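Please keep the sequence and the structure in view while you read.

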Amino acid sequence: MTEVSVHPALWPAPLATGAVEATVTVPGSKSVTNRALVLASLAAEPGWLRRPLRSRDSLLMAQALRALGVGIEETVSSSSSSPAPGAQGVPDGEGEAWRVIPAGLHGPATVDVGNAGTVMRFLPPVATLAEGPVRFDGDPRSYERPLNGVIDALRVLGARIDDDGRGALPMTVHGSGALDGGSVEIDASSSSQFVSALLLSAPRFNQGVEVRHIGGRLPSMPHIRMTVDMLRAVGAQVDEPETGGEPDVWRVSPSAILGRDIVIEPDLSNAQPFLAAALITGGRVTIPDWPQRTTQPGDALRRIFTEMGGACELTETGLTFTGTGRIHGIDVDLGEVGELTPGIAAVAALADSPSTLRGVAHLRLHETDRLAALTKEINGLGGDVTETEDGLHIRPRPLHSGVFHTYDDHRMATAGAVIGLAVAGVEIENVATTAKTLPDFPRMWTTMLGAES
Ligand SMILES: O=C(O)C1=C[C@@H](OP(=O)(O)O)[C@@H](O)[C@H](O)C1
Ligand SMILES: C=C(OP(=O)(O)O)C(=O)O
(Lines give C-alpha, C1' and ligand atoms only; values in the text may rest on other atoms or scores of the structure.)
(Ligands and ions follow the chains in the order given, each with its own letter.)
Protein backbone atom coordinates (compact mmCIF):
# COMPACT_ATOMS: atom_id res chain seq x y z
CA MET A 1 0.00 0.00 0.00
CA THR A 2 2.65 2.52 1.03
CA GLU A 3 4.94 3.29 -1.86
CA VAL A 4 8.23 1.73 -0.91
CA SER A 5 10.63 4.48 -1.80
CA VAL A 6 13.72 3.57 -3.74
CA HIS A 7 16.94 4.79 -2.14
CA PRO A 8 19.67 4.23 -4.66
CA ALA A 9 22.05 6.24 -2.51
CA LEU A 10 24.94 4.41 -0.94
CA TRP A 11 26.03 5.44 2.52
CA PRO A 12 29.76 5.05 3.11
CA ALA A 13 29.92 3.26 6.43
CA PRO A 14 32.53 5.07 8.52
CA LEU A 15 35.66 3.16 9.45
CA ALA A 16 36.67 3.40 13.09
CA THR A 17 40.10 4.94 13.38
CA GLY A 18 40.51 4.20 17.06
CA ALA A 19 38.78 2.90 20.14
CA VAL A 20 35.22 4.21 20.36
CA GLU A 21 34.52 6.06 23.63
CA ALA A 22 30.97 7.33 23.74
CA THR A 23 27.72 7.65 25.62
CA VAL A 24 24.79 6.90 23.34
CA THR A 25 21.22 7.72 24.32
CA VAL A 26 19.02 5.19 22.55
CA PRO A 27 15.34 6.04 21.79
CA GLY A 28 12.41 4.07 23.19
CA SER A 29 11.69 0.41 22.56
CA LYS A 30 9.59 -0.36 19.50
CA SER A 31 8.04 -3.39 21.15
CA VAL A 32 7.14 -1.55 24.37
CA THR A 33 5.88 1.58 22.56
CA ASN A 34 3.57 -0.37 20.25
CA ARG A 35 2.17 -2.54 23.05
CA ALA A 36 1.65 0.57 25.20
CA LEU A 37 -0.21 2.31 22.37
CA VAL A 38 -2.56 -0.66 21.92
CA LEU A 39 -3.25 -1.08 25.63
CA ALA A 40 -3.76 2.66 26.17
CA SER A 41 -6.19 2.78 23.24
CA LEU A 42 -8.26 -0.05 24.70
CA ALA A 43 -8.27 1.42 28.21
CA ALA A 44 -11.24 2.79 30.09
CA GLU A 45 -9.48 6.12 30.72
CA PRO A 46 -6.73 8.27 29.22
CA GLY A 47 -3.08 7.38 29.71
CA TRP A 48 0.41 8.63 28.93
CA LEU A 49 3.44 7.25 27.12
CA ARG A 50 6.66 9.04 28.03
CA ARG A 51 9.75 8.88 25.82
CA PRO A 52 7.91 6.83 23.18
CA LEU A 53 9.79 5.70 20.11
CA ARG A 54 9.13 7.98 17.16
CA SER A 55 9.88 5.81 14.14
CA ARG A 56 8.08 4.39 11.14
CA ASP A 57 6.69 1.38 13.04
CA SER A 58 5.38 3.38 16.00
CA LEU A 59 3.99 6.20 13.86
CA LEU A 60 2.13 3.65 11.72
CA MET A 61 0.68 2.18 14.91
CA ALA A 62 -0.40 5.62 16.16
CA GLN A 63 -1.84 6.56 12.76
CA ALA A 64 -3.87 3.35 12.62
CA LEU A 65 -5.28 3.80 16.11
CA ARG A 66 -6.20 7.38 15.28
CA ALA A 67 -8.00 6.12 12.17
CA LEU A 68 -10.08 3.91 14.48
CA GLY A 69 -11.06 6.94 16.60
CA VAL A 70 -8.42 7.04 19.35
CA GLY A 71 -7.01 10.43 20.33
CA ILE A 72 -3.22 10.56 20.49
CA GLU A 73 -1.77 13.93 21.37
CA GLU A 74 1.95 14.40 20.99
CA THR A 75 3.62 16.83 23.34
CA VAL A 76 7.25 17.72 23.78
CA SER A 77 7.70 18.94 27.30
CA SER A 78 10.55 21.18 28.31
CA SER A 79 12.20 21.02 31.72
CA SER A 80 10.22 24.08 32.78
CA SER A 81 6.81 22.52 32.13
CA SER A 82 4.98 20.65 34.85
CA PRO A 83 4.69 16.91 34.74
CA ALA A 84 1.37 15.56 33.58
CA PRO A 85 -1.20 14.85 36.27
CA GLY A 86 -0.64 11.43 37.76
CA ALA A 87 2.92 11.06 36.52
CA GLN A 88 4.88 8.84 38.87
CA GLY A 89 8.60 8.44 39.00
CA VAL A 90 8.93 10.30 35.72
CA PRO A 91 11.84 12.67 35.31
CA ASP A 92 10.41 16.19 35.50
CA GLY A 93 8.85 17.05 32.15
CA GLU A 94 11.65 15.38 30.20
CA GLY A 95 11.39 14.74 26.46
CA GLU A 96 8.40 13.70 24.45
CA ALA A 97 5.12 12.38 25.82
CA TRP A 98 2.03 11.07 24.06
CA ARG A 99 -1.37 11.34 25.71
CA VAL A 100 -3.72 8.60 24.57
CA ILE A 101 -7.44 9.24 24.82
CA PRO A 102 -9.48 6.09 24.17
CA ALA A 103 -12.78 6.38 22.33
CA GLY A 104 -15.41 4.10 20.81
CA LEU A 105 -13.55 2.36 18.00
CA HIS A 106 -15.09 2.56 14.55
CA GLY A 107 -14.65 1.93 10.87
CA PRO A 108 -14.65 2.41 8.04
CA ALA A 109 -10.92 2.79 8.33
CA THR A 110 -7.77 1.77 6.55
CA VAL A 111 -4.69 0.58 8.38
CA ASP A 112 -1.31 0.82 6.68
CA VAL A 113 0.88 -1.71 8.46
CA GLY A 114 4.00 -0.81 6.46
CA ASN A 115 6.25 -3.77 7.22
CA ALA A 116 5.65 -3.65 10.97
CA GLY A 117 4.99 -7.08 12.47
CA THR A 118 3.57 -5.42 15.57
CA VAL A 119 1.04 -3.41 13.56
CA MET A 120 -0.04 -6.23 11.21
CA ARG A 121 -0.45 -8.71 14.11
CA PHE A 122 -1.56 -6.58 17.08
CA LEU A 123 -4.22 -4.50 15.31
CA PRO A 124 -6.58 -7.07 13.70
CA PRO A 125 -7.83 -8.14 17.17
CA VAL A 126 -8.35 -4.45 18.01
CA ALA A 127 -10.28 -4.00 14.76
CA THR A 128 -12.74 -6.73 15.77
CA LEU A 129 -13.77 -4.38 18.60
CA ALA A 130 -14.47 -1.53 16.21
CA GLU A 131 -17.84 -0.96 14.59
CA GLY A 132 -17.45 -1.16 10.84
CA PRO A 133 -14.98 -2.46 8.28
CA VAL A 134 -11.26 -2.00 8.82
CA ARG A 135 -9.06 -2.65 5.80
CA PHE A 136 -5.46 -3.76 6.37
CA ASP A 137 -2.78 -3.25 3.76
CA GLY A 138 0.95 -2.63 3.76
CA ASP A 139 4.30 -2.90 2.01
CA PRO A 140 4.69 -5.74 -0.51
CA ARG A 141 6.70 -7.71 2.06
CA SER A 142 3.79 -7.56 4.52
CA TYR A 143 1.82 -9.80 2.11
CA GLU A 144 4.44 -12.51 2.59
CA ARG A 145 4.80 -12.36 6.37
CA PRO A 146 2.72 -14.92 8.28
CA LEU A 147 -0.59 -13.69 9.62
CA ASN A 148 -2.67 -16.88 9.39
CA GLY A 149 -2.32 -17.57 13.12
CA VAL A 150 -4.08 -14.30 13.92
CA ILE A 151 -6.71 -14.50 11.16
CA ASP A 152 -7.70 -18.12 11.86
CA ALA A 153 -7.80 -17.56 15.61
CA LEU A 154 -9.95 -14.46 15.35
CA ARG A 155 -12.44 -16.36 13.17
CA VAL A 156 -12.65 -19.09 15.81
CA LEU A 157 -13.22 -16.39 18.43
CA GLY A 158 -16.14 -14.95 16.45
CA ALA A 159 -14.71 -12.42 13.98
CA ARG A 160 -15.64 -11.91 10.34
CA ILE A 161 -12.60 -11.37 8.14
CA ASP A 162 -12.32 -11.20 4.35
CA ASP A 163 -8.95 -12.10 2.94
CA ASP A 164 -7.90 -13.62 -0.34
CA GLY A 165 -7.85 -17.11 1.16
CA ARG A 166 -4.10 -17.15 1.83
CA GLY A 167 -4.44 -16.10 5.46
CA ALA A 168 -2.37 -13.02 4.74
CA LEU A 169 -2.62 -9.33 3.90
CA PRO A 170 -4.42 -7.51 2.38
CA MET A 171 -7.65 -8.18 4.28
CA THR A 172 -10.67 -6.55 5.85
CA VAL A 173 -11.83 -7.11 9.40
CA HIS A 174 -15.57 -6.48 9.73
CA GLY A 175 -15.74 -5.30 13.30
CA SER A 176 -19.06 -5.51 15.12
CA GLY A 177 -18.04 -3.55 18.20
CA ALA A 178 -17.38 -6.68 20.28
CA LEU A 179 -15.85 -10.15 20.08
CA ASP A 180 -17.00 -13.29 21.88
CA GLY A 181 -13.51 -14.57 22.65
CA GLY A 182 -13.04 -17.97 24.30
CA SER A 183 -10.59 -20.82 23.64
CA VAL A 184 -8.41 -21.18 20.59
CA GLU A 185 -5.48 -23.30 19.43
CA ILE A 186 -2.82 -21.76 17.24
CA ASP A 187 0.54 -22.67 15.79
CA ALA A 188 2.72 -19.68 16.66
CA SER A 189 6.02 -21.27 15.70
CA SER A 190 6.44 -18.74 12.89
CA SER A 191 5.91 -15.70 15.13
CA SER A 192 5.43 -15.09 18.83
CA GLN A 193 3.47 -12.01 17.79
CA PHE A 194 0.43 -14.24 17.10
CA VAL A 195 0.20 -14.99 20.82
CA SER A 196 0.93 -11.42 21.88
CA ALA A 197 -1.69 -10.10 19.47
CA LEU A 198 -4.49 -12.25 20.88
CA LEU A 199 -3.54 -11.57 24.49
CA LEU A 200 -3.23 -7.78 24.17
CA SER A 201 -6.86 -7.19 23.19
CA ALA A 202 -8.28 -10.10 25.19
CA PRO A 203 -9.38 -8.23 28.33
CA ARG A 204 -11.91 -6.53 26.04
CA PHE A 205 -13.25 -9.80 24.56
CA ASN A 206 -16.59 -10.85 26.12
CA GLN A 207 -15.12 -14.09 27.47
CA GLY A 208 -11.47 -13.10 27.49
CA VAL A 209 -9.26 -15.66 25.81
CA GLU A 210 -7.47 -18.96 26.27
CA VAL A 211 -4.66 -19.37 23.73
CA ARG A 212 -3.04 -22.78 23.37
CA HIS A 213 0.08 -23.03 21.21
CA ILE A 214 0.17 -26.42 19.46
CA GLY A 215 3.02 -26.13 16.97
CA GLY A 216 6.80 -26.43 17.00
CA ARG A 217 9.09 -24.30 19.10
CA LEU A 218 7.67 -20.89 19.97
CA PRO A 219 10.23 -18.16 19.22
CA SER A 220 10.87 -14.89 21.04
CA MET A 221 9.51 -15.88 24.46
CA PRO A 222 10.77 -12.66 26.11
CA HIS A 223 8.38 -10.75 23.86
CA ILE A 224 5.47 -12.85 25.16
CA ARG A 225 6.67 -12.14 28.71
CA MET A 226 6.67 -8.45 27.79
CA THR A 227 3.04 -8.77 26.69
CA VAL A 228 2.06 -10.53 29.92
CA ASP A 229 3.89 -8.01 32.12
CA MET A 230 2.38 -5.05 30.33
CA LEU A 231 -1.12 -6.56 30.53
CA ARG A 232 -0.71 -7.08 34.26
CA ALA A 233 0.51 -3.52 34.65
CA VAL A 234 -2.80 -2.25 33.26
CA GLY A 235 -4.83 -4.42 35.61
CA ALA A 236 -5.46 -7.50 33.46
CA GLN A 237 -5.55 -10.98 34.96
CA VAL A 238 -3.28 -13.34 33.06
CA ASP A 239 -2.50 -17.00 33.73
CA GLU A 240 0.58 -18.20 31.94
CA PRO A 241 3.12 -21.02 31.95
CA GLU A 242 5.87 -19.15 33.75
CA THR A 243 3.82 -18.42 36.86
CA GLY A 244 2.49 -21.91 37.34
CA GLY A 245 0.10 -22.24 34.40
CA GLU A 246 -0.09 -25.07 31.89
CA PRO A 247 2.81 -25.17 29.36
CA ASP A 248 2.05 -23.27 26.13
CA VAL A 249 -1.30 -21.98 27.42
CA TRP A 250 -2.15 -18.35 28.21
CA ARG A 251 -5.45 -17.14 29.68
CA VAL A 252 -6.65 -13.56 29.96
CA SER A 253 -9.87 -12.79 31.85
CA PRO A 254 -12.29 -10.14 30.67
CA SER A 255 -11.74 -6.88 32.54
CA ALA A 256 -11.39 -3.15 32.15
CA ILE A 257 -7.96 -1.91 31.09
CA LEU A 258 -6.57 0.89 33.25
CA GLY A 259 -5.08 4.05 31.78
CA ARG A 260 -1.50 4.28 32.97
CA ASP A 261 1.44 6.61 32.84
CA ILE A 262 4.34 4.66 31.42
CA VAL A 263 7.94 5.56 30.72
CA ILE A 264 9.21 3.62 27.70
CA GLU A 265 12.59 1.89 28.18
CA PRO A 266 15.35 2.50 25.63
CA ASP A 267 15.31 -0.04 22.79
CA LEU A 268 18.02 -2.50 23.81
CA SER A 269 18.03 -4.21 20.41
CA ASN A 270 18.78 -0.83 18.86
CA ALA A 271 21.59 -0.40 21.40
CA GLN A 272 23.23 -3.44 19.80
CA PRO A 273 25.29 -1.75 17.04
CA PHE A 274 26.69 0.76 19.53
CA LEU A 275 27.71 -1.99 21.97
CA ALA A 276 29.20 -3.86 19.02
CA ALA A 277 31.30 -0.78 18.24
CA ALA A 278 32.88 -0.98 21.70
CA LEU A 279 33.47 -4.70 21.30
CA ILE A 280 35.09 -4.39 17.87
CA THR A 281 37.26 -1.35 18.49
CA GLY A 282 38.34 -2.17 22.02
CA GLY A 283 36.48 0.91 23.20
CA ARG A 284 33.85 1.75 25.76
CA VAL A 285 30.20 2.66 25.18
CA THR A 286 27.66 3.64 27.80
CA ILE A 287 23.93 3.34 27.18
CA PRO A 288 22.08 5.49 29.74
CA ASP A 289 18.89 4.20 31.37
CA TRP A 290 19.54 0.52 30.61
CA PRO A 291 16.85 -1.06 32.80
CA GLN A 292 17.85 -3.13 35.83
CA ARG A 293 15.09 -5.57 35.00
CA THR A 294 13.42 -5.95 31.63
CA THR A 295 11.68 -8.37 29.32
CA GLN A 296 13.43 -6.91 26.27
CA PRO A 297 15.47 -9.54 24.42
CA GLY A 298 18.29 -7.02 23.95
CA ASP A 299 19.22 -7.53 27.60
CA ALA A 300 20.75 -10.84 26.47
CA LEU A 301 23.50 -8.80 24.79
CA ARG A 302 25.16 -8.41 28.18
CA ARG A 303 25.77 -12.16 28.20
CA ILE A 304 26.31 -12.72 24.48
CA PHE A 305 28.74 -9.87 23.83
CA THR A 306 30.61 -10.70 27.05
CA GLU A 307 31.08 -14.24 25.76
CA MET A 308 32.30 -12.74 22.48
CA GLY A 309 35.08 -10.88 24.25
CA GLY A 310 33.80 -7.78 26.06
CA ALA A 311 32.89 -6.90 29.61
CA CYS A 312 29.94 -4.98 30.95
CA GLU A 313 28.93 -3.13 34.03
CA LEU A 314 25.31 -2.31 34.81
CA THR A 315 24.92 0.59 37.21
CA GLU A 316 22.07 2.87 38.24
CA THR A 317 22.91 5.22 35.38
CA GLY A 318 23.11 2.63 32.62
CA LEU A 319 25.17 -0.06 30.96
CA THR A 320 28.85 0.44 30.19
CA PHE A 321 30.28 -2.05 27.77
CA THR A 322 34.02 -2.37 27.21
CA GLY A 323 35.80 -4.26 24.47
CA THR A 324 39.39 -5.39 24.12
CA GLY A 325 39.42 -5.39 20.32
CA ARG A 326 39.57 -9.20 20.37
CA ILE A 327 36.35 -10.86 19.30
CA HIS A 328 35.59 -14.53 19.86
CA GLY A 329 33.22 -16.69 17.89
CA ILE A 330 30.17 -18.07 19.65
CA ASP A 331 27.89 -21.08 19.45
CA VAL A 332 24.53 -19.82 20.57
CA ASP A 333 20.81 -20.51 20.32
CA LEU A 334 19.11 -17.22 19.46
CA GLY A 335 15.55 -18.57 19.31
CA GLU A 336 14.49 -16.39 22.25
CA VAL A 337 16.21 -13.29 20.92
CA GLY A 338 15.97 -13.66 17.13
CA GLU A 339 15.97 -9.95 16.38
CA LEU A 340 19.58 -9.78 17.64
CA THR A 341 20.79 -12.18 14.94
CA PRO A 342 21.89 -9.70 12.22
CA GLY A 343 24.03 -7.72 14.67
CA ILE A 344 25.57 -10.86 16.17
CA ALA A 345 26.31 -12.24 12.70
CA ALA A 346 28.10 -9.00 11.81
CA VAL A 347 30.32 -9.23 14.89
CA ALA A 348 30.88 -12.95 14.33
CA ALA A 349 32.16 -12.25 10.81
CA LEU A 350 34.98 -10.23 12.41
CA ALA A 351 35.82 -12.73 15.16
CA ASP A 352 38.95 -14.86 15.71
CA SER A 353 37.05 -18.16 15.52
CA PRO A 354 33.91 -19.57 13.84
CA SER A 355 30.38 -19.08 15.12
CA THR A 356 27.19 -21.07 14.90
CA LEU A 357 23.91 -19.21 15.37
CA ARG A 358 20.97 -21.57 15.97
CA GLY A 359 17.24 -21.62 16.60
CA VAL A 360 16.29 -18.85 14.18
CA ALA A 361 14.69 -20.52 11.14
CA HIS A 362 11.71 -18.15 11.55
CA LEU A 363 13.96 -15.23 10.55
CA ARG A 364 13.36 -16.29 6.96
CA LEU A 365 9.95 -14.60 7.36
CA HIS A 366 11.09 -11.37 9.00
CA GLU A 367 11.51 -7.99 7.25
CA THR A 368 13.41 -10.00 4.65
CA ASP A 369 14.77 -13.54 4.65
CA ARG A 370 17.47 -12.57 7.12
CA LEU A 371 19.41 -15.82 6.89
CA ALA A 372 19.72 -15.55 3.11
CA ALA A 373 20.42 -11.82 3.22
CA LEU A 374 23.17 -12.09 5.85
CA THR A 375 24.79 -14.97 3.99
CA LYS A 376 24.75 -13.16 0.67
CA GLU A 377 25.94 -9.80 1.94
CA ILE A 378 28.71 -11.00 4.25
CA ASN A 379 29.93 -13.37 1.54
CA GLY A 380 29.76 -10.48 -0.94
CA LEU A 381 32.46 -8.79 1.17
CA GLY A 382 34.62 -11.91 1.05
CA GLY A 383 33.13 -13.72 4.05
CA ASP A 384 32.36 -17.41 4.48
CA VAL A 385 28.84 -17.85 5.79
CA THR A 386 26.57 -20.82 5.19
CA GLU A 387 22.93 -21.19 6.02
CA THR A 388 21.93 -24.13 8.16
CA GLU A 389 18.43 -25.44 8.65
CA ASP A 390 17.87 -23.14 11.60
CA GLY A 391 20.59 -20.53 11.46
CA LEU A 392 24.04 -19.58 10.23
CA HIS A 393 27.53 -20.95 10.35
CA ILE A 394 30.08 -18.13 10.12
CA ARG A 395 33.78 -18.69 9.49
CA PRO A 396 35.61 -15.36 9.72
CA ARG A 397 37.81 -14.39 6.81
CA PRO A 398 39.48 -11.12 5.86
CA LEU A 399 36.73 -8.93 4.38
CA HIS A 400 37.01 -6.32 1.67
CA SER A 401 35.15 -3.25 0.45
CA GLY A 402 31.82 -3.49 -1.30
CA VAL A 403 28.14 -2.66 -1.26
CA PHE A 404 26.09 -4.13 1.60
CA HIS A 405 22.46 -4.47 0.46
CA THR A 406 19.74 -4.10 3.07
CA TYR A 407 16.50 -5.44 1.52
CA ASP A 408 14.39 -2.82 3.35
CA ASP A 409 15.56 -4.33 6.64
CA HIS A 410 16.66 -1.92 9.34
CA ARG A 411 18.77 -4.56 11.09
CA MET A 412 20.62 -5.41 7.86
CA ALA A 413 21.60 -1.73 7.61
CA THR A 414 22.93 -1.55 11.16
CA ALA A 415 24.71 -4.91 10.72
CA GLY A 416 26.47 -3.52 7.63
CA ALA A 417 27.53 -0.43 9.57
CA VAL A 418 29.07 -2.65 12.26
CA ILE A 419 31.17 -4.48 9.66
CA GLY A 420 32.09 -1.14 8.11
CA LEU A 421 33.75 -0.08 11.36
CA ALA A 422 36.47 -2.66 10.76
CA VAL A 423 36.47 -3.01 6.96
CA ALA A 424 37.35 -0.05 4.72
CA GLY A 425 35.06 0.86 1.85
CA VAL A 426 31.79 -0.76 2.93
CA GLU A 427 28.81 1.11 1.49
CA ILE A 428 25.33 0.57 2.88
CA GLU A 429 22.54 0.61 0.33
CA ASN A 430 19.42 2.40 1.65
CA VAL A 431 20.59 3.22 5.15
CA ALA A 432 17.31 5.17 5.41
CA THR A 433 15.56 1.87 6.04
CA THR A 434 16.74 2.23 9.67
CA ALA A 435 13.75 4.62 9.96
CA LYS A 436 11.65 1.54 10.76
CA THR A 437 12.84 1.68 14.35
CA LEU A 438 15.79 4.11 14.57
CA PRO A 439 15.42 7.03 12.13
CA ASP A 440 18.40 8.93 13.50
CA PHE A 441 20.84 6.04 13.12
CA PRO A 442 23.33 7.59 10.63
CA ARG A 443 23.72 10.73 12.75
CA MET A 444 23.98 8.76 16.00
CA TRP A 445 26.63 6.55 14.41
CA THR A 446 28.82 9.37 13.15
CA THR A 447 28.41 11.27 16.43
CA MET A 448 29.55 8.17 18.32
CA LEU A 449 32.60 7.91 16.08
CA GLY A 450 33.32 11.63 16.36
CA ALA A 451 33.74 11.00 20.06
CA GLU A 452 36.30 8.21 19.55
CA SER A 453 39.71 8.59 21.22
O1 LIG B 1 6.40 -8.82 19.84
C2 LIG B 1 7.34 -8.11 19.44
O3 LIG B 1 7.44 -6.90 19.72
C4 LIG B 1 8.38 -8.75 18.61
C5 LIG B 1 8.47 -10.12 18.57
C6 LIG B 1 9.47 -10.83 17.74
O7 LIG B 1 8.80 -11.31 16.60
P8 LIG B 1 8.85 -12.87 16.10
O9 LIG B 1 8.39 -13.71 17.21
O10 LIG B 1 7.97 -12.85 14.91
O11 LIG B 1 10.30 -13.10 15.78
C12 LIG B 1 10.61 -9.91 17.31
O13 LIG B 1 11.42 -10.54 16.37
C14 LIG B 1 10.07 -8.60 16.78
O15 LIG B 1 11.13 -7.76 16.41
C16 LIG B 1 9.30 -7.87 17.86
C1 LIG C 1 11.43 -8.70 13.33
C2 LIG C 1 11.39 -7.39 13.58
O3 LIG C 1 10.32 -6.59 13.44
P4 LIG C 1 8.74 -6.80 13.33
O5 LIG C 1 8.16 -6.11 14.55
O6 LIG C 1 8.34 -6.12 12.07
O7 LIG C 1 8.46 -8.28 13.34
C8 LIG C 1 12.60 -6.68 14.05
O9 LIG C 1 12.48 -5.49 14.43
O10 LIG C 1 13.71 -7.25 14.06
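Helices (H or I, at least four residues) and strands (E, at least two) are DSSP runs, numbered from the N terminus, while axes are lines fitted to C-alpha atoms, for helices over the stretch in contact, with angles that run from 0 to 180 degrees between N-to-C directions. Two residues are taken to be in contact if their C-beta atoms, placed from the backbone, lie within 7 Å.

The model is a predicted one, in which local features need pLDDT of at least 70 and side-chain atom pairs count only at pLDDT 80 or more, whereas totals for chains, interfaces and linings use all residues. Residues are numbered from 1 along each chain as its sequence is written, and chains are lettered from A and ligands numbered from 1 in the order in which they are written.

- Strand β15 (residues 284-288) is antiparallel to strand β17 (residues 318-322), and 5 bridges link the pair; one of the places to look is Thr286, whose bridge partner in β17 is Thr320.

**A second sheet and its helix**

- Another open sheet has 3 strands in the order β1-β23-β22, again with mixed pairing, and its edge strands are β1 (10-12) and β22 (402-404).
- Neighbouring strands of this sheet are turned by 35° against each other on average, when direction is ignored.
- Strand β22 runs parallel to strand β23 (residues 426-429), to which 3 bridges join it, and Gly402 stands opposite Val426 in β23.
- Helix α11 (residues 410-422) packs on this sheet, where it touches β22 and β23, and its direction makes about 170° with that of β23.

**Two domains**

- The protein is divided into domain 1 (10-27 + 266-450) and domain 2 (30-263), with bounds that come from an automatic or database domain assignment.
- The C-alpha centres of domain 1 and domain 2 are 28 Å apart, and 19 residues of domain 1 are in contact with 21 residues of domain 2.
- The side of domain 1 that touches domain 2 is made up of 7 nonpolar, 7 polar and 5 charged residues; here Ala, Val, Leu, Ile, Met, Phe, Trp, Tyr, Cys and Pro count as nonpolar, Asp, Glu, Lys and Arg as charged, and the others, Gly among them, as polar.

**The two ligands**

- Ligand 1 is surrounded by 13 residues, of which the closest are Ser31, Ser191, Ser192, Ser220 and His223; a residue is near a molecule or strand if its C-beta atom, placed from the backbone, lies within 6 Å of it.
- By class, the shell around ligand 1 holds 1 nonpolar, 11 polar and 1 charged residues.
- Domain 1 and domain 2 both give residues to the shell around ligand 1, so ligand 1 lies between them.
- Around ligand 2 are Ala116, Gly117, Thr118, Glu339, His366, Glu367, Arg411 and Thr437, a shell that divides into 1 nonpolar, 4 polar and 3 charged residues.

**A pair of packed helices**

- Two packed helices are described by the angle between their axes and the distance between the axes.
- The axes of helix α1 (residues 30-41) and helix α6 (residues 221-233) come within 11 Å and cross at roughly 35°.
- In this contact Ser31, Val32, Arg35, Ala36 and Leu39 of α1 meet His223, Met226, Thr227 and Met230 of α6, and by class the contact has 5 nonpolar, 3 polar and 1 charged residues.

**Backbone details**

- Most residues other than glycine have a negative phi, and most peptide bonds are trans.
- A cis peptide bond with omega about -5° joins Gly107 and Pro108, and Pro108 lies in the loop between β5 (95-101) and β6 (109-112).
- Another cis peptide bond, also with omega about -5°, joins Leu169 and Pro170, and Pro170 is in the loop between β8 (160-163) and β9 (171-176).
- Ser220, in the loop between β11 (209-213) and α6, has a positive phi near 55°.

Conventions:
Pairing = 2+ DSSP bridges.
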